[in-house]
Amino acid sequence: MIAPTPHQRQNAATDQLATSARPVVEMTGISVEFPGVKALNSVDFRLFPGEVHALMGENGAGKSTLIKALTGVNQISAGTIVVDGKQTLFGGPADARERGISTVYQEVNLCGNLTVAENIMLGNEPRRFGGLDWKAMRAQARVHLERMGLDIDPASSLDSHSLAVQQLVAISRAMVVDAKVLILDEPTSSLDADEVEQLFRVMRRLREEGVGILFVSHFLDQIYAISDRITVLRNGQLVQERMTADLPQRELVSLMIAGTSDAEVGVATERRGKAMRTEDSAPLLQAVGLGRKGAVEPFDLDLYPGEVIGLAGLLGSGRTELARLLYGADKSDSGQLRAAGSDLKLRTPRQALAQKIAYTSEDRKGEGVVGELTVAENIILGLQAARGWMRPLPKTKAKQIVEAYMKALGVRPANPDALLKNLSGGNQQKVLLARWLATAPKLLLLDEPTRGIDIGAKTEIMNLVSELADQGMAVVFISAELEEVLRLSDRIAVMRDHKKVAEIPTTRDVDVPQLIEVIANGGESK
Amino acid sequence: MSTATALAGTRTFRPPKLDRRYLPVLGTMLVFGLMLVIGGLRYDNFLSPAVISNLFINNAHLIVLAAGMTFVILTGGIDLSVGSVLALSSVITATLLNAGWNVALVLPLAIAAGSLLGLGMGVMIQYFEVQPFVATLAGMFLARGLCFVFAPESVPIRDEGFIALTNWTMASGRWRLTAAVVIAALVLLASWWVLHRSRFGRTVYAVGGGEQSATLMGLRVERTKVMVYVISGTCAGLAGVLFAMFSRSGYALTGVGMELDAIAAVVIGGTLLTGGTGFVLGSVLGVMVLGLIQTIITFEGTLSSWWTKIVIGVLLLVFVILQRILTLRRT
Amino acid sequence: MTRIYKHRLFWPVVALAALLLACTLKRPDILGISVLDGHLFGAPIDILRNSAPLLLVSLGMTLVIATRGIDLSVGATVAIAGAVALTFIAGSHDPGSLGTALGAVVVALGLCLVLGGFNGFLVSGLGIQPIIATLILMTAGRGVAMLITGGQITTVNSAPFAALASGFLLGLPVAALIAYGVFIVIALLVRRTALGMLLEAVGINPDASRLAGVKSKTLVFTVYTLCGALAGLAGLIFASNTMAADANNAGLFIELDAILAVVIGGTSLAGGKFNLGGTLVGVLIITTLNLTVTVLGISPLVTPMFKAIVVIAVTLMMSPRLRGMLAGLRERRRYQEVNA
């Protein structure tokens with residue numbers, strides 16, 4: 001974890017810049033409209049040379065739209081963009097890049113099948129006899145890579161490197177043009193702590209060189225570790241622009257979340273070890289030395305009916321991989337699962353479903369939503385798949401199930417015939433939950449069910465999970481938000497570096513810092 | 001400035017490792033070599049200059065088609081129209097020459113017809129979001145229909161300038177080169193240069209690797225995607241001229257199913273149909289393998305001609321499965 | 001009115017109507033149906049009969065395409081089915097008997113099931129791209145058909161087998177009864193059972209379907225097998241029509257016509273939602289086109305060009321961009337972004 005040290009780093013010079021220096025980018029009264037939606041409504045934004053400016057907001061607040069408006073991907077319907085003192089409208093990312101504004105996106109948007117050198121240099125490649133000069137290209141690429149502190153072979157193909165390296169290659173590419181402005185759109189979401197630190201070193205160096213950096217990240221710690229200034233957007237509108245040093249975390253969060261005071265943020269149920277197992281209660285499912293090479297090291301885990309197990313750990317710590325083994329989504333290569341004392345072989349999700357195990361993937365769009373099917377079809381999909389295609393669910397029964405779950409989960413709009421792709425993230429998540437609940441699972445594996453959805457839906461889902469556990473369901477709950485895990489779980493399994501390192505009952509005295517401690521120390525302090 | 005970090009690892013000596021990307025092409029080369037060896041051992045005169053020369057002379061048009069097809073497939077597209085466009089170009093050549101037009105005007109016109117059709121398909125695919133398969137299928141039907149509008153029957157070419165061109169050969173001993181082979185070689189050279197030495201060529205690979213990424217990298221994706229179909233159309237037009245030189249006629253029913261030969265050659269040559277990986281020289285090897293199969297079956301004498309298709313099918317199967325294993329190991 | 005315009009079958013139906021209209025303008029009586037010897041005759045009946053093989057192949061193709069697949073090998077399968085059936089009849093002791101004809105049908109369909117299964121295995125078992133997996137059989141298939149007939153155009157005489165194409169039942173052509181019967185059965189099958197929904201789910205999001213417990217591999221395997229069998233049935237009708245197994249020309253380009261029919265019918269080659277009714281309209285358009293071209297006195301050799309025009313017209317009219325342009329959206333750029 002990166003220690004937030006805003007005050008050490010916050011220097012007087014940046015404050016001064018705010019008042020005296022001319023912003024390198026100044027956007028005034030920016031509006032962007034899509035048919036039927038006003039994505040941005042008269043937003044102001046400015047970026048000074050030599051600062052890291054964090055753009056904050058919940059999903060749908062308008063962060064990416066603002067970035068796209070700046071780089072010319074989205075057309076603005078009102079407002080002015082002044083870059084370097086001149087009013088400008090860019091024709092697209094390429095145009096913006098040529099004129100000193102480079103963007104690096106969340107998912108590495110480079111071509112894995114090309115070499116590292118090409119990924120850095122294409123568009124600015126050195127030429128010889130009218131064609132690419134490969135030798136010079138590799139040499140120049142090496143210089144740019146060194147600037148990022150990377151020592152890799154420019155002739156190697158990009159997809160032979162880790163995501164973190166690819167991300168730094170993307171920044172190398174961005175800096176080839178001597179960018180005055182660097183836009184980093186959630187570059188850290190798939191990096192581990194060391195990698196983030198390396199990225200920050202690069203960012204600090206660029207800041208010293210006078211580059212204005214626009215930084216988007218969902219990790220508050222990172223924002224406080226690196227940014228000088230914060231602009232908060234909400235529902236397409238500017239909320240505030242503040243110096244990071246003067247904005248406490250709590251206030252930032254409340255600025256981001258519409259109409260919620262501090263108290264309302266934590267409205268969801270507090271379970272905290274509510275389920276009290278008696279000595280003689282039998283586990284529903286036992287993992288004994290279960291593991292998969294490269295994914296999770298062999299682990300033991302007992303799951304009891306009526307109990308919520310939280311999986312805590314950083315992104316990439318093996319949380320998802322563990323859940324996928326329990327579901328048979330990936331095949332294990334060591335250990336076994338036991339149910340009621342006998343071995344259980346799960347090779348496919350289908351077999352898991354037959355054992356009344358259900359799993360919602362963290363990748364909602366890729367592995368959950370079947371967008372062009374209706375809400376109703378999505379809800380009965382799991383149930384129908386279990387029955388096979390020859391025994392269709394009777395229409396009236398299907399209708400009953402769909403209506404019951406839509407009502408229970410409060411799916412909006414309450415139209416079973418709407419296509420699922422047209423629903424908001426939170427409602428899609430509810431529909432997916434309904435799909436699994438309809439199969440009447442005994443064990444429910446929830447992988448990041450609360451990610452990227454609004455606070456209201458989040459609360460509803462967490463309350464529901466707690467209720468289900470009360471009714472006797474075993475639940476495994478995964479979330480990046482430790483607060484949520486702590487709140488909802490009866491017991492927490494801590495993951496670190498693809499290993500289950502600790503198991504903690506969530507008694508009253510366990511708090512988030514303690515949990516972080518365990519994650520950080522790999523459970524040794526316990 | 002240059003601080004090597006734990007993340008990137010320290011610079012170590014790496015033994016020269018074979019790049020995975022070359023494996024499919026090497027496989028094709030191996031097959032090609034094996035076929036030559038087996039043919040040479042089994043039949044007299046198999047490895048004679050005449051046979052090898054003929055391999056190139058008979059397949060010059062297919063080499064050009066395969067080169068164009070490689071561009072398209074590298075972007076992840078497909079072009080089903082090339083066989084028909086080849087026929088159209090040969091028919092245009094024959095009809096116009098017999099109408100007394102000058103060779104120097106007719107040949108560029110015939111080739112341009114291919115480019116124009118390619119442009120039309122490219123625009124349909126890029127700007128009207130019609131799937132490549134459907135758009136080029138339409139192009140295939142359109143070109144074939146146009147052939148019959150020009151000339152329903154086979155048209156023998158009598159133009160002297162053209163005949164002189166077809167008669168031109170370069171010989172050294174029993175090795176022989178026709179103008180068509182020289183042209184095919186030039187096309188190859190140009191394709192190789194464009195694909196590996198130009199920004200456009202690298203954009204072709206980039207589009208195949210990930211269209212969205214390529215766009216965000218600021219590469220000119222739209223133009224590139226249209227251009228590959230123009231290139232393929234142009235190659236097909238040129239191949240039509242070469243075919244007219246080879247057969248000294250233009251006939252509306254030539255090149256039926258030739259698009260499949262071109263696709264098969266590209267696939268056997270190690271280019272992935274998903275795009276992004278492959279080499280134009282591999283495609284040429286693919287053409288050579290197809291040509292050798294035909295030659296071997298002719299040499300065998302007792303085997304009927306339909307064995308050619310079956311062997312090509314089996315070979316495709318083997319290569320596809322091998323490629324599949326390669327890509328599986330990569331991920 | 002605007003709703004009709006937006007219906008996805010609007011343009012295909014307009015195209016079909018235009019073709020029929022073109023026919024009637026030239027020969028006003030063409031759409032009449034007459035009764036002769038208790039059988040129905042006339043251009044509409046011809047269209048029904050001539051569309052039979054294409055309808056069968058297109059049915060299978062629609063289901064394959066729904067799973068994000070494609071089957072290029074159906075033409076070759078058609079040739080193989082004809083070759084097997086006629087070679088079987090030619091080699092039997094009693095070519096004219098019903099038993100022989102049935103035997104031929106069973107053997108041919110059985111083999112085609114296996115061929116379809118082979119495609120299905122390559123696609124679902126080995127995970128090979130459908131277009132290339134089926135390209136293998138497309139290339140080799142006609143060679144195999146030649147192998148079966150020994151390179152000859154086998155001609156036979158078998159009244160029961162010939163009835164498949166030229167016979168009449170209840171006044172209607174047997175071929176049409178078979179094809180439309182199969183169409184109705186399959187249409188009911190996919191919509192009355194959960195098959196349709198599960199196929200669409202697999203086509204729209206394969207990963208999500210797998211995690212939802214859908215047996216994707218089995219489903220995909222099944223549709224390729226079914227597609228092979230339907231192509232085989234189409235091949236039998238072809239062979240019965242000519243009573244000659246022509247390995248080179250039987251079902252030539254039928255895979256392309258079938259794909260066209262599916263696309264014209266509004267099913268996207270990208271998979272997912274499929275529309276059997278649309279496919280039927282597509283098949284009728286392609287079959288009627290052949291009639292229209294003949295009626296208008298144009299050389300049938302030029303037919304491909306008209307096919308191209310229909311395809312280009314229909315796909316362009318269905319393309320979101322052109323629709324956007326027609327709807328008067330001047331700001332093209334913005335439209336792109338919304339879709340991006």
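**The nonpolar core and the chain interfaces**

The largest nonpolar core has 369 residues, of which A:Val169, A:Ile171, A:Leu182, A:Tyr327, B:Phe133 and C:Phe161 touch the most other members. Helix α2 of chain B (residues 49-74) gives the most to this core, with 14 residues. A nonpolar core is here a set of buried Ala, Val, Leu, Ile, Met, Phe, Trp, Tyr and Cys residues joined through side-chain atoms within 4.5 Å; buried means under 20% relative accessible area with a 1.4 Å probe, protein chains only. Helices are DSSP runs of H or I with at least four residues, numbered from the N terminus.

The model is predicted: local features need pLDDT of at least 70 and side-chain atom pairs count only at pLDDT 80 or more, whereas totals for chains, interfaces and linings use all residues. Residues are numbered from 1 along each chain as its sequence is written, chains are lettered from A and ligands numbered from 1 in the order in which they are written, and side-chain values use heavy atoms, with hydrogens and water left out.

Leaving out residues up to four places away in sequence, A:Val169 touches A:Leu110, A:Val116, A:Asn119, A:Ile120, A:Leu145, A:Leu150, A:Ile152 and A:Leu158, where contact means heavy atoms within 4.5 Å. Another core, of 26 residues, lies apart from the largest one and includes A:Ile76, A:Phe90, A:Ala96 and A:Val181.

Between chains B and C, the contact takes 38 residues from chain B and 48 residues from chain C. The area buried there is about 3,700 Å², of which carbon and sulfur atoms give 83%; this is the accessible area (1.4 Å probe) that two parts lose on being put together, summed over both. B:Phe128, B:Phe141 and B:Trp306 supply 19% of the area that chain B buries against chain C, more than any other three residues. On the side of chain B that touches chain C, at least two residues come from each of α4 (103-127), α5 (132-150), α11 (258-268) and α13 (306-330) of chain B. With 12 residues, α5(B) gives the most to that side.

Between chains C and A, the contact takes 26 residues from chain C and 35 residues from chain A. About 2,600 Å² is buried there, with 65% from carbon and sulfur atoms. Here too the rule finds 0 salt bridges.

Terms used: A salt bridge is a side-chain nitrogen of Lys or Arg within 4 Å of a carboxyl oxygen of Asp or Glu. Buried means under 20% relative accessible area, exposed over 50%, partly exposed in between (1.4 Å probe, protein chains only).
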